[in-house]
Amino acid sequence: MIRTRMMAVIAATTGALLLSACGGSTDDGAAAEKPQQSAAAASDGKNFEFLAGTAKQNGADLRTGDGAPDAAPQVAAKSKRPVVRQWVQPTAKQHPELGEIVVNGNGFTLYRFDKDTASPSKSNCFNACAANWPPYLIAPGGKVHFKIDPSQVGFIPRDGAFQVTIGGWPVYLFSGDTKAGQTNGQGKDNGTWAAVTPEGEKAGGGAVAPSEPPAETPGGENPAVQPATSGVFFDTPNFGEPAEGITGPGCKPVRFSGSVSILGSAKVWAGDNCTGKSATITSSVTDLNSLGLGTIKSIRFAG
């Protein structure tokens with residue numbers, strides 16, 4: 001079984017609740033500013049609950065969150081009212097062309113918009129823009145079943161609820177995605193829309209880890225391979241679920257013996273705290289047992 005690190009309800013969520021702005025739409029989806037509102041006041045003092053693992057594993061009602069029929073992008077885009085979920089499940093997933101991206105609990109891609117801001121977190125997509133790009137909304141006091149680094153998840157008040165942010169960036173679904181796994185919104189509107197990574201960056205560039213690692217120099221490092229800053233570990237070979245996204249920098253604890261999806265190089269260890277036998281990986285590994293280390297217990301990322 002995958003060993004997750006359960007987190008208590010994040011009392012510091014209110015610190016992650018940044019300020020938001022609302023406004024009228026323009027033709028390009030941007031909005032004029034309106035008075036901002038405190039997220040703490042809008043939540044009426046209710047904290048969000050963070051739970052490691054999937055909604056199903058945590059016994060959530062699958063009809064009220066990401067899996068609800070009205071939460072699908074096309075349905076949400078046609079709704080006359082914002083679709084507010086009782087729970088969300090942001091999940092790291094390896095895309096064959098875009099690299100690591102974040103999808104919701106039903107497998108639909110989450111996007112960020114260049115005309116928004118991350119510091120402070122602020123959306124500039126309203127009215128016609130929001131009809132095409134439904135904001136990813138959660139109810140006050142809702143549950144976050146996280147499959148990415150929970151410290152990257154935040155909230156801004158919107159439409160009587162809260163819009164989820166990743167790495168500070170407000171995130172959205174795309175009405176043109178009709179099936180889970182699609183990324184039809186990538187690069188839309190002159191590249192201002194992009195799938196979001198678990199760190200809030202823009203996914204893309206077509207950089208996908210090769211199936212065979214490049215030849216290494218005698219010292220064990222390949223200068224042509226950039227250091228990795230995150231990866232997704234799977235409990236079974238060939239990237240089978242369940243999975244957990246791990247983000248650097250530095251040495252991070254893990255407990256996996258299945259596979260890992262990674263872009264760049266990192267070092268994995270058989271012992272805790274990056275001790276004991278180790279191996280350097282420069283691309284995704286379909287079967288961690290092939291490294292001869294047994295269960296991987298720690299990994300060191302760049303920085």
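Predicted model: local features only at pLDDT ≥ 70, side-chain atom pairs only at ≥ 80, totals over all residues.
Residues are numbered from 1 along each chain as its sequence is written, and side-chain values use heavy atoms, with hydrogens and water left out.

**Rings**

I found 11 aromatic pairs in the structure. Rings of Phe, Tyr and Trp (its six-membered ring) pair if their centres lie within 6.5 Å; planes under 30 degrees apart are stacked, over 60 edge-to-face, and the rest tilted. Phe 50 and Phe 146 have ring centres 6.4 Å apart and planes at 45°, so I logged the pair as tilted. Phe 50 lies in strand β1 and Phe 146 in strand β8, 96 residues apart. Strands are DSSP runs (E, at least two residues), numbered from the N terminus.

I checked burial next (buried is under 20% relative accessible area, exposed over 50%, partly exposed in between; 1.4 Å probe, protein chains only). Phe 50 is buried at 2% relative accessibility. Phe 146 is buried at 8%. Phe 50 also pairs edge-to-face with Phe 155, 6.2 Å centre to centre and 75° between the planes. Phe 155 is in strand β9, 105 residues from Phe 50.

I then traced a cluster linked by ring pairs: Tyr 111, Phe 113, Trp 133, Tyr 172, Phe 174 and Trp 193.

**Cores**

The largest nonpolar core has 24 residues, and Leu 110, Ile 138, Val 144, Phe 155 and Val 164 have the most contacts inside it. I took a core as buried Ala, Val, Leu, Ile, Met, Phe, Trp, Tyr and Cys residues joined through side-chain atoms within 4.5 Å. The elements giving it two or more residues are β1 (49–52), β8 (137–146), β9 (153–158), β10 (161–166) and β13 (230–236). Apart from it lies another core, of 17 residues, including Ile 246 and Leu 293.

**Hairpin**

I ended at β3 (residues 91–95) and β4, which run antiparallel and are joined by 5 bridges. Strands pair if DSSP finds at least two bridges between them. The two form a hairpin with 3 residues between them. Ala 92 stands opposite Val 102 in β4. In strand β4 (residues 99–103), 5 of the 5 residues are buried, so I marked the strand as largely enclosed by the rest of the structure.

Definitions and conventions: Helix = DSSP H or I, 4+ residues; strand = E, 2+ residues; numbered from the N terminus.
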